[in-house]
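Reader: I am new to reading protein models, and I would like to go through this one slowly with you. Could you show me the sequence and the structure before I ask anything?

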Amino acid sequence: MPSIALSKDLSVLYITSEVHPLIKTGGLGDVSAALPAALRALGADVRLLIPGYPKVLASLRYKRKFAEFPNLLNFPPFVLWSAKLPKGKGISKGTPIFVIDCPSLYQRSGGPYTNTNGKDWPDNALRFGLLSKIGAILASDDSPLAWRPNIVHCNDWQSGLTPAYMYFYQGKKIVSLMAVHNLAFQGVFPPSTLTQLGLPSTGFHINGIEYYGNISFLKAGLFYSDHIITVSPTYAKEIQTITLGFGLQGLLAGRSDHISGIINGIDIAEWDPATDPCLAQNYSVKKITAKGINKRALQQIMGLAVDPDIPLFGMVSRHTYQKGYDLLLQVAPFLARLPAQLAVLGSGEGSIDRELVALEKKYPGKIAVKIGFDETLSHLIEGGADSFLMPSRFEPCGLNQMYSQRYGTPPLVHATGGLLDTVVDCTPTTLADGSASGFLFYEMAPGSLLSGIQRVVDAYRNKTTWRQLQRNGMKKDFSWHSSAMAYRDIYLSLLS
Ligand code: ADP
């Protein structure tokens, strides 16, 4: 393997199942847009590979067909397109992208992973087995392209089989890296899937793809890749423990020398209160008072009582157990009795959606809930809320706590994963040294969250403290630049 030292010599195939603004269900979509662009700005040649969902194909103009596969293994016929990410406001514009156009696997209404009722697509193994397989082909001598990567960067379970295909088909000449955005999603399927996807039965082994009697795409990636990256230093440690290792802690602890934690950045062009078109009023650290116009707009849109002085908590996320909704639901009646309001946006598990809607009915004007995915409203909540709530049970990195700090909306977060790495708790010491930027609560228990809420309400009353907190957060650098340099350094060290 040639030794290289410059980012311009890096060619990276970045395999992902979502990318903003084409298709996004969570943080991976944001990261897949911003990190490749930031690496390209450093001189690396990064190109994306993604499935051709309807929204992806509809958004890409000027695409060029570069290969047809009428009968690859057991996969239905498909073609490959190359295109560029559409020009937009963010930093994602212009990144080259390869798209797998396989109508019988991807052309359907619903989400990338689930149908309109939130149920996993029954053929997900085939859908993301194909993504993984094409990733391996584009990194091999069988590639229909003249371009070759020297790094294959896989993301989450959907591309976890790529390092396994590379190992079994190519003897693994190219460096592969497995990025874990959330260890809770593992791509677990019955053992028979292995041969269906064209992988040898020898892979069905504890030192391989086998996972408690089934196969796991994610485990394959963790086992066969050269290096593992998670999206924060704290999460890199947490996944090696029984509490947050989801059954993979043994494998991960055994590979601890090959695990790095790099905190995600955010797209500072897209998430900028000074220019954000989704806000009712733009503002900056020099003109924070203008933020109040967004609070008023948010209160009106959500049907909350319009009151400039009551602290307004915001929350935007998938409605799942991970995000701590059980805790929020227990604490909400107490919050409703405080001088405080709550605006929630999100969707996910039906039972959580229903309980939140019931809360809204019970506390009209104080708690407001919008079920659904709404990019514009998510920006307005960041801009209009006073404080942002993230009681996540675990959080590999988390993006909203960084958006919140940039928007002068000090977050209240559970001290876990990337939340712990990016929010500085408000104490007399951190206020004095200018680092305080939010609030942490340490126990995943209703009392601990509630006392955090009370701390926010108290701090909000003191306008000097509050302004200081807002300013500290707004001045922090959450851009991708330093994270992209850390990725580049890992790529280079793997190649040298
Ligand atoms: P995760 O990847 O676990 O969902 P992150 O905090 O890393 O969590 O990223 C979530 C991203 O998805 C953020 O950009 C957040 O604003 C966005 N998001 C989540 N739910 C919604 C929603 N219902 N409407 C709009 N944006 C959402």
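Author: Let us begin with one residue and what surrounds it. Leaving out residues up to four places away in sequence, Q405 touches P411, T422, V423, S437, Q470, G473, M474, K476 and F478, where contact means heavy atoms within 4.5 Å. The model is a predicted one, in which local features need pLDDT of at least 70 and side-chain atom pairs count only at pLDDT 80 or more, while totals for chains, interfaces and linings use all residues. Residues are numbered from 1 along each chain as its sequence is written, and side-chain values use heavy atoms, with hydrogens and water left out.

Reader: Is Q405 buried or exposed?

Author: Q405 has its place in helix α14, helices being DSSP runs of H or I with at least four residues, and strands runs of E with at least two, numbered from the N terminus. Buried means under 20% relative accessible area, exposed over 50%, and partly exposed in between, with a 1.4 Å probe and protein chains only. Because its relative accessible area is 1%, Q405 is buried.

Reader: With which side chain does the side chain of Q405 make a polar contact?

Author: A polar contact is a pair of N or O atoms within 3.5 Å; within protein, one must be able to donate a hydrogen and the other to accept it, and residues adjacent in sequence count only if both atoms are side-chain atoms. For the side chain of Q405, the distance is 2.8 Å, and the partner is the side chain of S437.

Reader: Which element gives the most residues to the shell around the ligand?

Author: The ligand is surrounded by 19 residues, the closest being G27, D30, R318, K323 and G372, and a residue is near a molecule or strand if one of its heavy atoms lies within 4 Å of it. An oxygen atom of the ligand is 2.8 Å from an N or O atom in the side chain of K323. The elements that give two or more residues to this shell are α1 (27–41), β14 (341–348), α14 (400–406) and β13 (312–319). With 3 residues, the element that gives the most is β13.

Reader: Which residue has a backbone N or O atom 3.0 Å from a nitrogen atom of the ligand?

Author: On the side-chain part of the shell, K24 has an N or O atom 3.2 Å from an oxygen atom of the ligand. The backbone N or O atom that lies 3.0 Å from a nitrogen atom of the ligand belongs to D374.

Reader: How many residues of helix α7 are buried?

Author: Helix α7 runs over residues 217–224 and is mostly covered. Among its buried residues are F217, A220 and L222, and F217 and A220 are also touched by L161, a residue in the loop between β6 (151–155) and α5 (162–170). Of the 8 residues in α7, the number buried is 7.

Reader: How far apart in space are L161 and G129, C-alpha to C-alpha?

Author: L161 counts as buried because its relative accessibility is 0%. In sequence, L161 and G129 are 32 residues apart, whereas in space, C-alpha to C-alpha, the distance is 6.7 Å.
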